[in-house]
Amino acid sequence: MINDLWYKNAVIYNLSVDTFMDADGDGIGDFKGLIRRLDYLQGLGVTAIWLMPFQPSPRRDDGYDVADYYGVDPRYGTLGDFVEFTHGCEQRGIRVLIDLVVNHTSDQHPWFQQARADPKSRYRDWYVWADKEPADAADGIVFPGVQTSTWTRDPVAKAWYFHRFYDFQPDLDTANPEVLAEILRIMGFWLQLGVSGFRMDAVPFVISRKGADVHGQHEQYEMLRALREFLQWRRGDAVILGEANVLPDTDMNYFGKTGERMQMMFNFQVNQHLFHALATADTRLLAKALKATEARPATAQWGQFLRNNDELDLGRLTEAQREAVFAAFGPDKTMQLYGRGIRRRLAPMLQGDRRRLEMAYSLMVTLPGTPVIRYGDEIGMGDDLSLPERNCARTPMQWSVERQGGFTLSDTPVLPPIHDGPYGFAHVNVAEQRRNPDSLLNWMERILRMRKEVPEVGWGIPTILRTGRNDVLAIRYDWRGNAALFIHNFSDMPLEIRLTPGAEGTHDSLLVNLLSDNNSEPGDDGRHCILLEPYGYRWYRVGGLDYLLRRRDV
């Protein structure tokens with residue numbers, strides 16, 4: 001059972017093929033380059049790689065405008081290269097997740113080209129059309145300031161087509177049985193080539209009914225069950241990791257009451273309130289978000305993250321809360337995006353402060369769920385705000401001090417590596433950090449190794465403990481008679497807390513520090529007195545290190 005639920009105690013690493021490693025010298029990363037870096041990822045402690053879209057595409061939206069679901073963009077290699085990549089991952093015990101972008105296609109996709117050219121084409125009904133512009137065409141815009149409508153008139157079709165995102169991304173009518181059948185074929189194709197699952201893009205929009213006569217959001221949740229059943233029949237341990245920025249009271253609709261729908265979802269609710277806590281040193285809203293998202297089926301799991309390939313979306317915060325995060329991490333308008341988000345990487349948001357970076361990553365990997373790490377964050381990469389929209393945080397991986405940061409031999413990389421300033425590749429790169437035992441990279445490798453040795457986080461029941469302070473978060477996890485405790489200080493001041501671990505089981509009251517030799521023994525009142533440095537963190541095992549001998553089988 002545990003092996004089938006591998007995602008409960010995994011480390012997922014998100015990357016884009018085109019900005020990771022260029023092997024053929026054309027300035028664009030490729031699968032051959034990625035294969036050469038698999039040993040690096042294995043050494044870091046990665047157990048699953050999530051690839052951003054690599055299928056043929058005009059790349060007007062970083063590959064999320066797919067023009068062929070059954071191929072590899074020639075710039076990245078061939079299907080043969082992809083199979084070599086999945087084989088190399090399998091040899092190293094690394095699983096592969098790929099993006100499943102089926103809410104829409106590129107307007108250059110042959111399906112759409114045939115649909116617009118011929119009203120009688122079988123693909124006409126695969127898209128969403130209207131004879132005239134709907135009155136609510138300006139509602140539901142995803143990219144304010146960039147996008148002005150969700151309907152566009154096509155001069156060839158002489159009709160209006162629906163696009164939730166950009167106008168070059170016409171929406172598929174996923175309620176059409178033929179479209180659903182095609183989605184299953186796409187999944188089956190890539191499963192056959194060795195992937196272990198899919199990160200499903202824009203899930204709420206995928207499962208929504210669409211049309212000029214549809215007003216508001218009307219989700220078809222049973223579609224998720226159909227996808228899950230197909231997935232399980234084809235490969236029993238494969239997963240769907242859903243991108244669904246929804247409110248906690250709808251989470252179970254996506255997981256399914258018995259876990260029969262999606263296995264994993266990103267926890268946007270916790271992510272947004274986590275950044276509010278980092279900005280204000282007040283953990284109360286974060287604790288509330290953790291409590292609100294606590295309920296989930298036994299087989300379901302949260303994906304916990306700090307930053308990803310998009311902007312930091314703060315849309316679920318109140319205006320005052322959002323402004324507090326803007327003031328702390330994105331005070332300049334050029335750092336903000338769509339009126340609701342911040343388009344920066346984590347390191348510059350935290351002013352490169354190693355204490356804050358360590359505390360933030362320590363917190364992320366010990367939140368209830370599975371950690372998802374963005375490429376380059378393990379070395380503290382920065383951003384290039386001169387690049388448009390989200391591209392500022394999608395610059396090439398910085399491998400060394402050599403030209404183009406060791407990413408490519410070409411003079412014209414797909415995006416310019418960061419050359420100047422404190423985050424330039426002369427200062428921030430893998431090669432130098434690998435040699436430095438005290439580097440962020442080596443710290444990250446140690447912390448991920450220890451995280452995988454504490455399965456209580458992925459499998460256990462979380463309990464938020466009272467510390468008497470709003471700037472400290474303490475979480476205990478209980479699983480099979482064992483307990484682990486994690487404490488994080490969000491303040492820039494040293495402080496002392498007193499707490500009672502409260503774990504059940506046959507063990508003494510000793511707290512064994514998993515990251516140093518600084519253990520904690522209780523006082524006469526049974527409480528522990530723990531001194532935390534500014535932005536300090538502690539990982540404790542409740543009881544002695546003989547926990548494996550005391551662990552129950554069920």
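Helix α13 buries R356, L357, E358, M359, A360, Y361, S362, L363, M364 and V365. That makes 10 of its 12 residues, so the helix is mostly covered under the 20% limit on relative accessible area for buried residues. The model is predicted. Its largest nonpolar core holds 129 residues, and the whole structure contains 39 aromatic pairs but 0 disulfides.

**Helix α13**
- Helix α13 covers residues 354-365.
- From first C-alpha to last, α13 reaches 16 Å, close to the 16 Å expected at 1.5 Å a residue.

**Nonpolar cores**
- Which residues touch the most other members of the largest nonpolar core? They are Y13 and L51.
- A second core is separate and has 17 residues, among them L5, A48, L241 and M264.
- In soluble globular proteins, nonpolar side chains tend to be buried together.

**Cysteines**
- A search of the whole structure finds 0 disulfides.
- Is C89 buried or exposed? C89 is buried, because its relative accessible area is 0%, under the 20% limit.
- C529 is partly exposed, because its relative accessible area of 34% falls between the 20% and 50% limits.

**Aromatic pairs**
- A pair of aromatic rings is described by the distance of the centres and the angle of the planes.
- The search of the whole structure gives 39 aromatic pairs.
- F20 and W399 have ring centres 5.1 Å apart and planes at 85 degrees, so they pair edge-to-face; the cut-off for that class is over 60 degrees.
- This pair links distant parts of the chain, 379 residues apart. F20 sits in the loop between β1 (12-15) and α1 (31-36). W399 sits in the loop between β14 (370-374) and α14 (430-435).
- F20 and W399 are both buried.
- Y123 and W126 are also edge-to-face, because their planes stand at 80 degrees, with centres 4.8 Å apart.
- Y123 and W126 are both buried.
- One aromatic cluster is formed by F31, F54, Y70, F82, F85, F189 and W190.

**F230 in helix α7**
- F230 belongs to helix α7, residues 222-234.
- Why does F230 count as buried? Its relative accessible area is 17%, which is under the 20% limit, so F230 qualifies.
- Leaving aside neighbours within four places in sequence, F230 is in contact with L184, M187 and G188.
- F230 and I461 are 231 residues apart along the chain, and their C-alpha atoms are separated by 30 Å.

**Three-stranded sheet**
- An open sheet of 3 strands runs in the order β11-β13-β12, with antiparallel pairing.
- β11 (312-313) and β12 (336-337) are the edge strands. Each has a single partner strand, so one side of each is left without a neighbour in the sheet.
- β12 pairs with β13 (residues 341-342) in the antiparallel sense over 2 bridges.
- L337 stands opposite G341 in β13.

- β18 pairs with β20 (residues 528-532) in the antiparallel sense, over 5 bridges.

Technical notes:
Residues are numbered from 1 along each chain as its sequence is written. This is a predicted model: local features need pLDDT of at least 70, side-chain atom pairs count only at pLDDT 80 or more; totals for chains, interfaces and linings use all residues. Side-chain values use heavy atoms; hydrogens and water are left out. A nonpolar core is a set of buried Ala, Val, Leu, Ile, Met, Phe, Trp, Tyr and Cys residues joined through side-chain atoms within 4.5 Å. Buried means under 20% relative accessible area, exposed over 50%, partly exposed in between (1.4 Å probe, protein chains only). A disulfide is a pair of cysteine sulfur atoms within 2.5 Å. Two strands pair if DSSP finds at least two bridges between them. Helices (H or I, at least four residues) and strands (E, at least two) are DSSP runs, numbered from the N terminus. The expected span of a helix is 1.5 Å times one less than its number of residues. Contact means heavy atoms within 4.5 Å. Rings of Phe, Tyr and Trp (its six-membered ring) pair if their centres lie within 6.5 Å; planes under 30 degrees apart count as stacked, over 60 as edge-to-face and the rest as tilted.
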